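Subject: Handover of a structure

Dear colleague,

Please find below the structure that I am passing on to you. I would be grateful if you could read the notes after it with the structure open.

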Amino acid sequence: MQIFLRLFPETPIRLDFSYYPKLAAAVYQAIAHADSDFADDLHGGELYRNRIKLFGFSPLYSRQTEIHPENRSQNKSGGLVFKGICSLAICSPWPELINRLNDGFTKTSQLRIGSQLLHIQKAIHAPVPDFKETMVWRLRQPASCVTSWSSKDENKKRYALPGTPVDSHTCESLLAQNLIHKWRRLKEIRPDIAVGWLQNGAKENKDAADFTEKDVRIRLMPLSTAKSVHRKRHQIKQAPVFSWIAPVEITAPMAIQRIAWSCGLGEMNSMGFGVVEEVIR
């Protein structure tokens, strides 16, 4: 499932480039307004701490956004100024999570990101795509995708970018592994949803199939005729994070396509990365 929030600031709001953790806190706070125990469990509970959360959100998007570069000579940090209507997409396969978010937004009618306040004008459920075995997805503007790898011998992430693998791990292989991991996580915490998704696929195993990376084929497509990919650098909780933007073609069972749409692509979905929309061809 995906929902869109339409938000507006009474006055222009300024956020640092690295505002993603504050936006994540705002989303958890909205859930807590409806069910504080559920929010605490999702954030740090035994079943969810340091595990895939199975929900994601996009960064704020507005056509009326000013980019203010960092000016070290004047000791001014860089940031974004949102001056008009903003949108935000949230995705999850859990009806309970989406319902709690809706309840929380209804109760507060606002989203507070740090000290900045946006009023919620409406929340809209996105239409469900017509899932097929081959689909093209693009990152929902202005989201980007994170693909990283770390070996068991080192406690450090290294980021794979299109055309730049890490220890032979490509963006394509990491995306496939991540989708399978999310599918197994869904089977673990919500097997009823997993079985329901399988029943909608004529060629899929009705016994909650354990898909593998061999069942998922990924192809990155060019961003435009002039540019194949866009790379980005972020500062998240004092650590550099590298991401990329390019359309992604996935050939996989329809349950995996549902995972991509309802959980996002790549890593750090609950930190503002990876929310997608279908490319209609």
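Predicted model: local features only at pLDDT ≥ 70, side-chain atom pairs only at ≥ 80, totals over all residues.

Residues are numbered from 1 along each chain as its sequence is written, and side-chain values use heavy atoms, with hydrogens and water left out.

The chain has a mean pLDDT of 90, and 94% of its residues reach 70 or more; pLDDT is the predictor's confidence in each residue, from 0 to 100.

The largest nonpolar core holds 84 residues. Such a core is a set of buried Ala, Val, Leu, Ile, Met, Phe, Trp, Tyr and Cys residues joined through side-chain atoms within 4.5 Å; buried means under 20% relative accessible area, exposed over 50%, and partly exposed in between (1.4 Å probe, protein chains only). Leu-60, Trp-183, Trp-244 and Ile-250 touch the most other members. Helix H4 (residues 171–189) supplies the largest share of this core, nine residues. Beyond its neighbours within four places in sequence, Ile-250 is in contact (heavy atoms within 4.5 Å) with residues including Trp-137, Leu-179 and Leu-265.

In helix H5 (residues 191–198), the buried residues are Ile-193, Ala-194, Trp-197 and Leu-198. They lie on the same side of H5, because they cover an arc of only 135° around the axis, taken from the directions from the helix axis to the C-beta atoms. These buried residues pack against helix H3 (95–108), H4 and helix H6 (254–263).

Ser-62 is in the loop between strand S3 (56–57) and strand S4 (65–68). Its relative accessibility is 9%, so Ser-62 counts as buried. The Ser-62 side chain reaches the backbone oxygen of Ile-85 at 2.9 Å.

The structure holds zero disulfides, a disulfide being a pair of cysteine sulfur atoms within 2.5 Å. For Cys-171, the nearest cysteine sulfur is that of Cys-145, 7.4 Å away. Cys-171 is buried, with a relative accessible area of 1%. The sulfur of Cys-263 is 6.6 Å from the closest cysteine sulfur, in Cys-91, which is too far for a bond.

Yours sincerely

How values were computed. Helix = DSSP H or I, 4+ residues; strand = E, 2+ residues; numbered from the N terminus. Polar contact = N/O pair within 3.5 Å; in protein donor to acceptor, adjacent residues only side chain to side chain.
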